[in-house]
Every structure is written in structure tokens, then in C-alpha cells.
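Trainee: Hi! Could you walk me through this one? I'd like to start with the helices.
Mentor: Happy to, have a look at it first.

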Amino acid sequence: MVRTCEAQTRLSKLFQKMSLEMYLDLFSQPCRSVYIFAKKNDIQFDYKKISLFEGYQYSEEYGKINLLRKAPAIKDGDFCLAESVAIMLYLAEKFHTPDHWYPADLQKRARVNEYLSWQHSAIRIHGSKMLWFKLLIPKALGVEIPKEKIDNAVEDLNASLNLFEEKFLQDRPFIVGDQISLADLVAIVEIMQPVGAGMDVFENRPNLKAWKDRVRAEIGVELFDEAHQAILCAQESVKTMDPKRMEHFKPIILRYFLS
């Protein structure tokens, strides 16, 4: 009877893995959040490793899964879903992940939602700009960024980090209290993005660094480092990028970041 139950469990996990596909490029911070969340919660999935720099998101195949042409995306049977926050909320509810990730408590959940709603136009965009301005655009695309634009981007990022510490973190271990939540997970992957360009955002921010260390420990050092390997090696990886492959995206990227 015990062996039968074990066999059924294995078959169930195998079926789950076969039916849930995740399209991810771990160079992307939203992809890292989904990857970490699934791995940490033992959610089995078929890892579809894609390369945004090679333009897989514009392929006909990917368009059938995500017409938004962004990553991450998932395919759960016949159900396709885009946007990292929506994906993690879907996974949290479907797989009944521990409550601390997305608390049932109304006010704690509201705090998570508050951060997830704010970060798109703050930490996300400013952290991304530092990676593109300091590394990818000059090194991979061969376009120098005016110093004024870099200085403004640094100022915007620091302002967002100040708000993160003063408003969202304060003196708590994590954003909503004593336990890690989706808010912390989304925050850490975004705040790590400029680190890939050699910018130590934790320098002279002891409270932020202590929070980062707690989040890394809660996620698990091995999983955290694995998920961030690509971004932490970005300065080396960019040396081997073929500018010709990026030529198609060059006008789109420059218009988005420099217009």
C-alpha cells in the first residue's frame, strides 16, 4: 500500500512537471523571481530556457504562448500566462504554498500588493537602467550614454532605494514583518540587477545589506546564487555577445531607454 502511494506520488509529480512549462531567461529579474519561487516551493516544471538577447521572444513559437513578447511566461496544460507577479500569484494559489508568501491576513496581503504595485515604475525601471546604461548599451550595442543621463539614473535609483528602506522595510526583518513574502522576493531580484553592472547598491546601506542577507538565507544560499549567476557574471558575458545578433533590437532598446 505504501509503495502504491509512493508510486502515485511520483507519477503525479511527473505529470505535473510535464504539464507545467516555464519559459525563462535568468538574466531577466522577473524570470529569476518566478524560478526561485517555484524551486523554493518544490513546484515541478519543465524548464524552457530561452535567450532574450537572441530574440526568442519574437519567434512564432513563443508568440503562441505569450503575445506580449516578454519573459517569463508559463504554459500549464492549455493555459498560458504572462507577467511574473500574475504567474507567482497563480502558482501560490494552485500549489497552496506557505501562507507567508502571500498572506491570507488582509492587511499583510495588502502590504504585499502595495509593494508589488509600486515597484514596477520605481525599483524595476531604475535598476534596469543602471544595467543597460553602465554595461549593455555601451558594451553590447557600442553606444555611449551621456554622463547626464547616467547621473540622473543613479539619482533615481538612490531615491527609490531610500523609499524602499524608509517606507517598505523600515526596521522590520522583511517587508511585511518577520517572514519573507513575494514582496521581498520581487524586491531582491530587482535590486540585484545593477549589481551585474558593477554597482554596489548595498555599500553604505547596512540596513539594506542586512535585509539582503536575510532574504538570501531564507531562499537558500545555493538557490539564490544559482539564480543570480548569470547577472553576476554579466560583465564577463557581455564580452562574448555578438553585436550583430543585437542589431535587430538596437532601435527598440535605444528608443525605450534613451527617448
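Mentor: One term before we start: the expected span of a helix is 1.5 Å times one less than its number of residues. Helices (H or I, at least four residues) and strands (E, at least two) are DSSP runs, numbered from the N terminus. This is a predicted model, where local features need pLDDT of at least 70, side-chain atom pairs count only at pLDDT 80 or more, and totals for chains, interfaces and linings use all residues. Residues are numbered from 1 along each chain as its sequence is written, and side-chain values use heavy atoms, with hydrogens and water left out.

Trainee: You mentioned H2. How many of its residues are buried?
Mentor: H2 is mostly covered, with 10 of its 12 residues buried. Among them are Cys31, Val34, Tyr35 and Phe37. From its first C-alpha to its last, H2 reaches 16 Å, close to the 16 Å expected at 1.5 Å a residue.

Trainee: Let's pick one residue there. Is Gln29 buried or exposed?
Mentor: Gln29 lies in helix H2, and it counts as buried because its relative accessibility is 4%. Leaving aside its neighbours within four places in sequence, Gln29 is in contact (heavy atoms within 4.5 Å) with Arg124, Ser128, Val189, Glu190 and Gln193.

Trainee: Changing topic: in what order do the strands of the sheet come?
Mentor: Four strands form an open sheet, ordered E2-E1-E3-E4, with mixed pairing. The edges are strand E2 (46-49) and strand E4 (79-82), each pairing on one side only. From one strand to the next, the twist averages 20°. Two strands pair if DSSP finds at least two bridges between them.

Trainee: In which sense do E1 and E2 pair?
Mentor: Strand E1 (residues 20-24) and E2 pair in the parallel sense, over four bridges. In that pairing, Leu24 stands opposite Lys49 in E2.

Trainee: Which strands does helix H2 lie across?
Mentor: Helix H2 (residues 29-40) lies across E1 and E2, running at about 145° to E1. Helix H4 (residues 84-94) lies across E1, strand E3 (73-76) and E4, at about 130° to E4. The axes are lines fitted to C-alpha atoms, for helices over the stretch in contact, and angles run from 0 to 180 degrees between N-to-C directions.

Trainee: Now the backbone. Where is the cis peptide bond?
Mentor: It joins Ala71 and Pro72, with omega about 10°. Pro72 has its place in the loop between helix H3 (60-63) and E3.

Trainee: Which residue just after H2 takes a positive phi?
Mentor: That's Asp42, at about 55°. Gln170, a residue other than glycine, also has a positive phi, near 55°. Gln170 lies in the loop between helix H6 (147-169) and helix H7 (182-191), and it counts as partly exposed because its relative accessibility is 36%.

Trainee: Last one: what domains does the assignment give?
Mentor: The protein chain is assigned domain 1 (1-97) and domain 2 (100-258). Such bounds come from an automatic or database domain assignment. The centres of domain 1 and domain 2, taken over C-alpha atoms, are separated by 22 Å. In contact across the two are 21 residues of domain 1 and 31 residues of domain 2.

Notes:
Buried means under 20% relative accessible area, exposed over 50%, partly exposed in between (1.4 Å probe, protein chains only).
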